[in-house]
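Keep the structure open while reading.

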Amino acid sequence: MEIKETAVAGTLESSDIQIMLSKGTDGIAIDLESDVAKQFGTQIKKVITETLTAMGIQNAKVKAVDKGALDCVIKARTIAAAQRAAKTTDEPAWEVL
Amino acid sequence: MKNNVNRELPEDLMKQLDYKPFETTEIGHPEVQRVAPKVTVTTGDDKVVESLEDVVKKTVKDGMTISFHHHFRNGDFVFNQVMDIILKLGIKDLTLAPSSLTGVMNDKVIEAIKAGTITNITSSGMRGSLGDFVSHGGLKNPVIFRSHGNRARSIENGNIKIDVAFLGVPNSDALGNANGMNGDAVFGSLGYALMDAQYADKVVLLTDNIVDYPNTPASIKQTQVDYVVKVDKVGDPDKIGSGATRFTKDPKELKIASMVNDVIVNSPYFKDGFSFQTGSGGAALAVTRFLRQSMIDAGITASFALGGITSPTVKLLEEGLVKKVMDVQDFDKGAAASMKNNQNQQEIDASWYADPDNKGAMVDQLDVAILSALEIDTNFNVNVMTGSDGVIRGAIGGHQDAATSKLTIISAPLVRGRIATVVPDVTTVVTPGESVDVLVTEYGIAINPRRKDLQDALSNVPGLPVYDIHDLQKLAESKVGKPEPLQFTDRTVALVEYRDGTIIDTIKQVKD
């Protein structure tokens, strides 16, 4: 899957996470903002990286603003952002869901 | 050195400050000696002073202990006025011993610490920028956190020796007879300030409203007051307490409140003449509403409601469902306004409210207490002091004191966002599990295994699932995941006293 344009998914409401994906060249680079970064920063980055990798994205810039989202939410927002960025929202990637 | 809730305490600091580790919630029957303040004799004709600066110059010297009350909460204009003068005069090495510190005081306290003006603090709690500053090592000497009952106790036994108390009041006459009920910036009960008025060597009243002598009812009396200073404004009425109390619509809070009510109603304490204390959070206010209906349905009245008082509690008083309100502070305008109109709403001082070294405090007679928690662990220990990042952002308040009630209920959501409330081990132990009986979450309740009687009473109530607290902890962890452990340095930034003056836990500087 290839990132064609910058795309956003998610809101800044509590228990949500906003993911902005744009083209990158040097692997998956995540800039994370989170009040729970001390306790869950590594885990949040791991979920984002794994989700993108499973969708076949190797290079991307990720700006993530977390408001205490659970893993399932992080995964859902990442998938939505990736499909919007790849302009593939018409063909959901069911196998990674 | 470990205490009885398994907390490692710093031996050097314990020795240096002559502290004993926490052992038990039992107070027993020791004989204690109380202290008395110095009295500067006067007939009282010369108490009114125009210049606050002159009074500060006359009374405050390097190394002294000064105090304030927090009844104005975030509408306080007194603290910053006084501290500005103290800072300007270049006074150093003060111990700050207020009943608590509110948000409007934070920046001034930080400024005074940086200037060397404040070098020691004892308080019920701190939040915001000040909590952050102290947790990052901004104050050299550790802060001492004390509950409201323990502050009263420590003032009475001389552990806190207040040299000068600066007490803001919405009215006073020329000799210092004052109350919290009349004027612009009214807050109702003066409960916490009454300790300072009684035990400080010098008592300075600040007021924007000097009334005819003699002023009654006199909560603070002319026999206690040295100076009455006229200022422009003591407080902002709109920021003292919330206005109309809204009933929560949050389904999670409502579910918790309804289950708290089920626990009370099905406990052996729900009978005519019972007593209770609730807090001020959304769930606690909702409990009062549910409890009201249960009392009407069962034809039961309460002998008293205690503590920080809110409008829903006052409503129960007006309806005759509660006979007396024993009032140490008022959380909203309705509660504050009601005190002067209802003689069954009795102002009580912090000692009467909760001091353990007493000939009986109100909390000793309390049946049911509903309290909150930032964290509770599988031993039922509760943290209301440090946040999930380890930073100070809370207050003991009356938590340790009210938790000695016969049925202590902690009401808390299982998780808040991604942070579990029910954890294997709390960051800071404030109230020992020994005094906690039931935890109520939106998923169900857990009963302290010490309370076999409650296990029997509550195990077959429809709609009230009973869990082992370990299962609730695992349920929380399955939702949010396992957090990485917080990182602290070895440096102690605060000591948390239990209500008897022993050390229940310490707070370390956070690593960033």
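Domain bounds here come from an automatic or database domain assignment. The model itself is predicted.

**Domains of chain B**

For chain B, the assignment gives domain 1 as 46-125 + 154-240 and domain 2 as 251-481. Taken over C-alpha atoms, the centres of domain 1 and domain 2 of chain B are 31 Å apart. The two domains touch: 18 residues of domain 1 of chain B contact 21 residues of domain 2 of chain B. On the domain 1 side, seven of these residues are nonpolar, 10 are polar and one is charged.

**Chain A against chain B**

The contact between the chains draws 12 residues from chain A and 11 residues from chain B. Which element gives the most to the chain A side? Helix 1 (residues 37-54) of chain A does, with five residues. By class, the chain A side holds four nonpolar, six polar and two charged residues.

**A helix pair in chain B**

Helix 4 (residues 106-114) and helix 5 (residues 128-135) of chain B have axes that come within 7 Å and cross at roughly 35°. The crossing of helix 4 of chain B past helix 5 of chain B is left-handed. Helix 4 of chain B contributes B:Asn106, B:Asp107, B:Val109 and B:Ile110, while helix 5 of chain B contributes B:Gly128, B:Ser129, B:Leu130 and B:Phe133. These contact residues split into four nonpolar, three polar and one charged.

**Two loop residues**

A:Ser14 sits in the loop between strand 1 (7-9) and strand 2 (17-23) of chain A. An unreviewed UniProt entry annotates A:Ser14 as "modified residue: O-(phosphoribosyl dephospho-coenzyme A)serine". Buried or exposed? A:Ser14 is exposed, because it has 12 other C-beta atoms within 10 Å and exposed residues are those with 12 or fewer. Beyond residues up to four places away in sequence, A:Ser14 touches A:Lys67, A:Gly68 and B:Gly417.

B:Asn74 lies in the loop between strand 2 (65-67) and helix 3 (78-88) of chain B. Its contacts, leaving aside neighbours within four places in sequence, are B:Thr102, B:Gly103, B:Val104 and B:Lys239. B:Lys239 is 165 residues from B:Asn74 along the chain, yet their C-alpha atoms are separated by 5.4 Å.

The table sets out the surroundings of both residues.

| Residue | Other C-beta atoms within 10 Å | Class |
|---|---|---|
| A:Ser14 | 12 C-beta atoms within 10 Å | exposed |
| B:Asn74 | 15 C-beta atoms within 10 Å | partly exposed |

Methods:
Residues are numbered from 1 along each chain as its sequence is written. Chains are lettered from A and ligands numbered from 1 in the order in which they are written. This is a predicted model: local features need pLDDT of at least 70, side-chain atom pairs count only at pLDDT 80 or more; totals for chains, interfaces and linings use all residues. Two residues are in contact if their C-beta atoms, placed from the backbone, lie within 7 Å. Ala, Val, Leu, Ile, Met, Phe, Trp, Tyr, Cys and Pro count as nonpolar, Asp, Glu, Lys and Arg as charged, and the others, Gly among them, as polar. Helices (H or I, at least four residues) and strands (E, at least two) are DSSP runs, numbered from the N terminus. Axes are lines fitted to C-alpha atoms, for helices over the stretch in contact, and angles run from 0 to 180 degrees between N-to-C directions. A crossing is left-handed if the near helix is turned anticlockwise from the far one by less than a right angle, and right-handed if clockwise. UniProt positions are given in the numbering used here, feature names are shortened, and annotations may be inferred rather than shown by experiment. A residue is buried if 20 or more other C-beta atoms lie within 10 Å of its own, exposed if 12 or fewer, and partly exposed in between; C-beta atoms are placed from the backbone.
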